[in-house]
Amino acid sequence: MTAAAAAYGFSRVTRDDFPILMRWMGEPHVARWWGDVYCELAALSHALDEPGFDAYLVHVEGRPFAYLQVTDPFADEDNPYRDQPRGSRGLDLYIGEPSMTGRGHGPGLLQAMAGRLFASGHPRLLIDPDPANRNAIRAYEKAGFRHHSVRRVVVAAGDVAVVLMTRDRNESR
């Protein structure tokens with residue numbers, strides 16, 4: 001199925017979903033950009049109980065194929081994006097099922113979630129791909145995100161360069 005024909009569903013991630021997330025994180029197209037599977041799942045397990053963090057499985061026709069997380073930069077004092085407007089939300093995602101990559105689902109599911117978040121009153125969405133992840137950057141551009149800045153941020157993996165991309169509620173799409 002292509003994104004043009006897709007209707008996306010979002011279900012909250014629970015620890016019962018960890019086997020599928022573990023499988024997806026082991027896929028080469030995901031593993032290249034995400035950290036160690038066990039470290040990522042341990043961090044996710046902790047984050048599921050934290051305010052300002054929501055994780056979703058993304059579904060098409062009832063079948064999960066992607067992971068998406070939404071974070072509040074102001075829920076964590078160490079978040080590097082606290083310079084953004086209050087109410088902003090950070091996004092991160094991957095398409096886990098290899099057969100679903102390259103079909104426009106990244107931009108499609110981001111547009112669907114953006115609609116939900118903007119309808120809830122959030123003024124800005126942020127996403128911060130690795131500068132070398134050209135496929136992700138193109139997908140985010142197709143979803144209406146624009147380059148905001150290149151910066152260095154400190155994350156669990158250390159001090160890394162990212163391309164901060166933003167999409168504002170008042171921008172036409």
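Reply: The model is a predicted one: local features are reported at pLDDT of at least 70 and side-chain atom pairs at pLDDT 80 or more, whereas totals for chains, interfaces and linings use all residues. Residues are numbered from 1 along each chain as its sequence is written, and side-chain values rest on heavy atoms, with hydrogens and water left out.

A pair of aromatic rings is described by the distance of the centres and the angle of the planes. Rings of Phe, Tyr and Trp (for Trp, the six-membered ring) are paired if their centres lie within 6.5 Å; planes under 30 degrees apart are called stacked, those over 60 edge-to-face, and the rest tilted. By this rule there are six aromatic pairs. In one of them, the ring centres of Trp34 and Tyr94 are 5.0 Å apart and the planes stand at 80°, so the pair is edge-to-face. Because Trp34 belongs to the loop between α2 and α3 and Tyr94 to strand β4, this pair ties together parts that are 60 residues apart in sequence. Helices and strands here are DSSP runs numbered from the N terminus (H or I, at least four residues, for a helix; E, at least two, for a strand).

Trp34 counts as buried at 15% relative accessibility, and Tyr94 counts as buried at 5%; buried means under 20% relative accessible area, exposed over 50%, and partly exposed in between, with a 1.4 Å probe and protein chains only. Tyr94 also pairs with Tyr67, and this pair is stacked, at 5.3 Å centre to centre and 25° between the planes. The link is again between distant parts of the chain, with Tyr67 in strand β3 and Tyr94 in strand β4, 27 residues apart. Both of these tyrosines are buried. Ring pairs join Trp24, Trp34, Tyr67 and Tyr94 into a cluster.

β3 and β4 run antiparallel over six bridges, with Thr71 bridged to Gly90 in β4. β2 and β3 are likewise antiparallel, over eight bridges, and Val58 has Ala66 in β3 as its bridge partner. Two residues lie between the strands in the hairpin of β2 and β3, where Glu61 takes a positive phi near 50°.

Contacts, defined by heavy atoms within 4.5 Å, connect this region to its surroundings. Glu97, in the loop between β4 and α4, is buried, with a relative accessible area of 11%. Residues up to four places away in sequence aside, Glu97 touches Arg23, Trp24, His29, Arg63, Pro64 and Phe65.

Phe65 in turn belongs to the largest nonpolar core, which has 29 residues and in which Phe65, Leu68, Leu91, Leu109, Leu110, Tyr140 and Phe145 have the most contacts. Such a core is a set of buried Ala, Val, Leu, Ile, Met, Phe, Trp, Tyr and Cys residues joined through side-chain atoms within 4.5 Å. Elements that each supply at least two residues of this core include β2, β3, β4 and α4 (105-119); α4 gives the most, with six residues. Beyond four places in sequence, the contacts of Phe65 include Trp24, Val58, Glu97 and Leu109. Apart from this core lies another, of 16 residues, and among them are Leu21, Val37, Leu57 and Tyr67.

Note on methods. Pairing = 2+ DSSP bridges.
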